[in-house]
Amino acid sequence: MAKLISAPPRFTREEWVMSNHSKYDCAEKQRASAERLKAESDRLIDETEKHTKRTQRDVQKKFEQRIHDINFWKEELDHKLDDIAKENDTLVAYKTRLENALEACKSPLAIAQQCLVNREGRNAIDLVHDDVQKNLMKEVETIQGVMSLLQKTLDQTIEQIRRNKSAKHYLEKDLKDKFRAKDIDEGCAELKDTTPGIHYNSGAAKIEANSVTPDNWQDFSNKNIEKAEREKNASINLRSMIDAILIQTADDMQRQVNDTDLAFEKRIAETKGTKGKLEDHLSKVQGEILEMEKNIDKLQKAVDDKTGPMQLAQTRLTERTSRPNVELCRDPVQYRLIREVGEIDTHISRLSLTHAQAEDELKGLIRNQLSLEEDIQIKANTINIDDVDCMGLRKSIKIKKF
């Protein structure tokens with residue numbers, strides 16, 4: 001069955017006119033709204049453009065200020081780095097002076113100790129704890145004390161050099177970061193809207209979690225500078241102390257070496273004087289021995305010379321016993337002969353006693369001679385040890401101020 005087609009609606013002329021006026025009004029309103037939007041768009045575009053330019057100028061100024069701040073701290077760090085580097089180089093030179101001074105102590109110490117060993121070779125009565133011995137022991141003690149002080153100061157210097165290097169390292173690291181940050185910020189400051197290669201970075205507008213505040217940033221560099229300044233001042237003070245120690249220790253050692261040398265000179269002169277006196281006495285004793293030997297020979301000859309008279313007197317007495325009878329008289333001759341025998345016998349006894357005493361005196365003189373010769377040999381040995389061995393070594397002692 002065919003579908004019926006309905007006729008389109010019919011409007012009156014008033015409806016037609018009203019519809020047209022409605023369209024006119026709607027178009028006018030839409031056009032006015034579009035005009036307002038265009039005007040607002042132009043205003044907004046102009047406003048955002050100006051604000052963007054203003055913001056970019058502000059950002060540019062911030063970059064310039066930031067670069068200026070980086071340059072300021074970079075110069076401060078660079079200046080302080082130069083200071084601490086120069087100071088550390090100077091301190092390293094002082095360390096070398098300390099090492100040389102410490103090394104230079106070894107020879108005088110070895111010489112003083114060798115002198116003590118050499119002097120143990122003195123014999124008998126000359127093995128005395130004299131001023132030389134006391135000064136040598138004091139010299140060893142002084143040099144060992146100096147070496148201990150120098151070693152302690154050297155250890156302090158090595159530690160200070162380490163601290164200087166640590167401060168220098170932090171300055172260098174800070175400077176390296178500053179150089180890198182400056183390069184980045186200068187590169188960012190030079191970028192333009194039209195610079196090729198710029199692009200969107202989603203999520204770029206954020207604060208990094210590990211970032212620091214400007215105050216923290218300044219404090220970090222300031223602390224590095226303050227640390228370097230502290231270490232530089234500590235290093236300067238240490239160098240001043242090293243200068244004083246090197247002078248004082250050299251003076252102390254030189255003073256003690258001079259005292260020891262003077263004690264040696266006095267002792268050597270004293271020993272030589274004593275040896276000379278002993279040699280004089282030896283010469284006199286030897287002369288006396290010769291005289292005593294002659295005296296003994298004279299006494300022996302005197303005893304021998306009494307043999308004839310004794311034999312003569314005794315022979316006469318014996319012969320007179322042969323007188324006959326009454327002629328065997330105790331006359332003055334008989335008594336005188338008897339007294340003569342007694343007198344000669346007494347003379348022989350006295351001469352023999354004196355001869356024995358002379359023999360004893362000769363033995364005493366010979367013992368004294370041997371004692372003097374032994375003591376002279378002891379003195380000669382002591383002089384050789386002190387004057388030749390020890391003073392020969394000590395001539396090479398040179399106390400140098402480093």
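Helices, in this talk, are DSSP runs of H or I with at least four residues, numbered from the N terminus. Alanine 189, for instance, lies in helix H2. We'll come back to that residue.

A word on the model. It is predicted, so local features need pLDDT of at least 70 and side-chain atom pairs count only at pLDDT 80 or more, while totals for chains, interfaces and linings use all residues. Residues are numbered from 1 along each chain as its sequence is written, and side-chain values use heavy atoms, with hydrogens and water left out.

Let's start with helix pairs. Take H1 and H2. Their axes come within 6 Å and cross at roughly 165 degrees. Axes here are lines fitted to C-alpha atoms, for helices over the stretch in contact, and angles run from 0 to 180 degrees between N-to-C directions. Angles under 35 degrees count as roughly parallel, over 145 as roughly antiparallel, 65 to 115 as roughly perpendicular, and the rest as oblique. So H1 and H2 are roughly antiparallel to each other. Their crossing is left-handed. That term applies if the near helix is turned anticlockwise from the far one by less than a right angle; clockwise would be right-handed.

Who sits in that contact? By class, 36 nonpolar, eleven polar and 17 charged residues. Contact means heavy atoms within 4.5 Å. For the classes, Ala, Val, Leu, Ile, Met, Phe, Trp, Tyr, Cys and Pro count as nonpolar, Asp, Glu, Lys and Arg as charged, and the others, Gly among them, as polar.

Next pair: H1 and H5. The axes come within 9 Å and cross at roughly 170 degrees. These two are therefore roughly antiparallel as well. On the H1 side we have Ile111, Gln114, Cys115, Asn118 and Arg119; they meet Ile385, Asp386, Asp389, Cys390, Leu393 and Arg394 in H5. That contact has five nonpolar, two polar and four charged residues.

The crossing of H4 and H5 is left-handed. H4 brings Pro309, Met310 and Ala313, among others, and H5 brings residues including Val333, Leu337 and Ile348. The class count for H4 with H5 is ten nonpolar, two polar and four charged.

Now the inside. In soluble globular proteins, nonpolar side chains tend to be buried together. A nonpolar core is a set of buried Ala, Val, Leu, Ile, Met, Phe, Trp, Tyr and Cys residues joined through side-chain atoms within 4.5 Å. Buried means under 20% relative accessible area, exposed over 50%, and partly exposed in between, with a 1.4 Å probe and protein chains only.

Which members of the largest nonpolar core touch the most other members? Cys105, Leu150, Ile242 and Phe264, out of 35 residues. Two or more residues come from each of H1 (13-119), H2 (131-190), H3 (214-305) and H5 (332-394). H1 gives the most, with eleven residues.

Look at leucine 150. Setting aside residues up to four places away in sequence, leucine 150 touches Leu98, Ala101, Leu102, Cys105, Ile245, Leu246 and Thr249. There is also a second, separate core of 15 residues, including Leu278, Ile289, Leu351 and Ile376.

Back to alanine 189, as promised. Is alanine 189 buried or exposed? Buried, with a relative accessible area of 10%. Beyond its neighbours within four places in sequence, alanine 189 is in contact with Gln60, Phe63 and Ile67. Lysine 23 is 166 residues from alanine 189 along the chain, and their C-alpha atoms are separated by 56 Å.

Asparagine 216 next. This residue lies in helix H3. Asparagine 216 is partly exposed, at 39% relative accessible area.

Alanine 124 lies in the loop between H1 and H2. Alanine 124 has a positive phi of about 50 degrees, although it is not a glycine. Alanine 124 is exposed, with a relative accessible area of 57%. Asparagine 325 lies in the loop between H4 and H5. Phi of asparagine 325 is near 50 degrees, again a positive value in a residue other than glycine. At 74% relative accessibility, asparagine 325 counts as exposed.
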